[in-house]
Structures are given as C-alpha cells and as structure tokens.
Amino acid sequence: MKEVSLGPPDLRKVLITQNRLQERVSELGCEISQAFDGTDLVVIAILKGSFIFAADLLRAITIPCSIDFMGISSYAGQPGSGVVRITKDLDESIAGRNVLMVEDIIDTGLTSNYLLHTLKQRNPASLQTCALLDKTARRLIDLPIAYRGFEIPDVFVVGYGMDYQQAYRNLPYIAILRPGSIDPDPEGNQSDE
Ligand code: IMP
C-alpha cells in the first residue's frame, strides 16, 4: 500500500484504486450473472452506502434483473448494537423471488444480520448477500457472504459511496481515514448507513 498525497487532509492513503474497483466489480457481475441466469433476480441496494457500488454492479450484470432500495439509519450512539431504523422500504414484493442484498461493507455483521432476518420474513425464494468490503477482524456474527469484493483490515474507510459524517461518498476510490479524524458521537445522532 503506497502513501499518496490526497486532496482532503483527513485521508491517509488509498486502499483500493478506481481501476481495481472496476475490475473486481466486473468479476462480481460475471459471477452473479452466471449464478442467477434464468431466474427472477432482484437486487436490493442498502442505502446510502451501497449506492455507487450497486449502480456499477448492476451495469456489470448481464442478465435481466430488477433493482430495489432499502434505506436504513443506524443509531450512532449505540455502536455495535445492530439497531437500525428502516427509512425507506422496498417498493416491490420479494415473495418467491431470488434476492441479492447489496451492502457496502460488513463490519461486525450486526446490521446485515438484522436486514437478512427482516427480508427472510418476506418469503423470498432465495436470499444472498453481496458485500463490496469485508472487515472480517471485527465480525461478531457469522454471516454467509455469497459474493465479496475485498477483505480489508480493521481500518475506517471512505469513498465509493461510503462516508464519514456524510462526507467523502463521492470519492471514486476507497481511502483510509486518519484515525485522529474520527470523533466519537456522544450526542447519539443518527447516521445513514
Ligand atoms: P456492521 O453492523 O458493524 O456490520 O456495520 C455495517 C455498517 O457500518 C456499514 O453498512 C457502514 O454503513 C458502516 N461502516 C462500518 N465500517 C465502516 C467504514 O470503515 N467506513 C464507513 N462505514 C462503515
């Protein structure tokens, strides 16, 4: 990993370049297209963090599929609680359909675990997870991740849809935030995932 000079001073280094992201997303799109060929696939993007990944992944999927969105908000005052509030629910029923839930990053796994549990109650034919990033070192719950972009170390990352206090989502690469830039949130404010 190379130390580079980045615009925003809070960023330490690029962890995953734009080119590497594109390559890996293409590979995932091919794998998913093969696996779901001939099925009724609905991709569910979890907002906000996965919106850029999901948009690129959709364009790398070559079979017919549909997309739906679920918005969730975590309570930053309860880190690691897995408590999420659904701020935007799905538009379509997923009963009897093959669902691929698309996440930006799986950290402790509590959020995904909650979402999988919620979606399962709606009786999909199948339910699988695709996560761009996997921070395995911090996992608290064992989760099956059918499609995974990259395993990353225990660092806080931003860019390619992921934020720190709503900033940096527009970076076309994934960068590590300087540890000193991360403030705890004692107010218990909510943050969009
Ligand atoms: P988990 O419930 O601990 O797995 O947390 C998952 C959610 O936390 C992700 O969907 C992100 O919104 C957020 N998150 C975890 N780690 C990071 C990070 O390094 N950067 C940005 N968001 C993160």
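This is a predicted model: local features need pLDDT of at least 70, side-chain atom pairs count only at pLDDT 80 or more; totals for chains, interfaces and linings use all residues.
The chain holds three helices and 10 strands, and 46% of its 193 residues are buried.

**Overall layout**

- Along the sequence, the elements follow the order β-α-β-α-β-β-β-α-β-β-β-β-β.
- Counting contacts between residues at least 6 apart in sequence, 66% link residues at least 24 apart.

**Helix H1**

- Helix H1 covers residues 18-35, which is 18 residues.

**Strand S5 and its neighbours**

- Strand S5 runs over residues 98-106, and nine of its nine residues are buried.
- One partner of S5 is strand S2 (residues 41-47), paired with it in the parallel sense over five bridges. Within this pairing, Val-43 has Leu-100 in S5 as its bridge partner.
- Another partner is strand S6 (residues 126-134), which runs parallel to S5 and is joined to it by eight bridges. Here Ile-105 stands opposite Leu-133 in S6.
- Between S5 and S6 the chain passes through helix H3 (residues 110-120), and this β-α-β crossover is right-handed.
- When you inspect the side chains, keep in mind that in a regular strand they alternate between the two faces of the sheet.

- Which peptide bond is cis, with omega near 0°? The bond is the one from Leu-47 to Lys-48.
- Lys-48 sits in the loop that connects S2 with helix H2 (51-60).
- For context on this bond and on the phi values that follow, most peptide bonds are trans and most residues other than glycine have a negative phi.

**The loop between S8 and S9**

- Tyr-160 belongs to the loop between S8 and S9 and has a positive phi of about 50°, although it is not a glycine. Its relative accessibility is 5%, so Tyr-160 counts as buried.
- Tyr-168 is in the loop between S8 and S9, and its phi is near 80°, a positive value in a residue other than glycine. Tyr-168 counts as buried because its relative accessibility is 13%, with the cut-off for buried set at under 20%.
- Arg-169 lies in the loop between strand S8 (157-158) and strand S9 (174-177).
- Is Arg-169 buried or exposed? At 9% relative accessibility, Arg-169 counts as buried.
- A polar atom of the Arg-169 side chain lies 2.9 Å from the backbone oxygen of Gly-161.

Terms used:
Residues are numbered from 1 along each chain as its sequence is written. Side-chain values use heavy atoms; hydrogens and water are left out. Helices (H or I, at least four residues) and strands (E, at least two) are DSSP runs, numbered from the N terminus. Buried means under 20% relative accessible area, exposed over 50%, partly exposed in between (1.4 Å probe, protein chains only). A polar contact is a pair of N or O atoms within 3.5 Å; within protein, one must be able to donate a hydrogen and the other to accept it, and residues adjacent in sequence count only if both atoms are side-chain atoms. The expected span of a helix is 1.5 Å times one less than its number of residues. Two strands pair if DSSP finds at least two bridges between them. A crossover is right-handed if, with the strands pointing away from the viewer, the path from the first strand over the helix to the second runs clockwise. Contact means heavy atoms within 4.5 Å.
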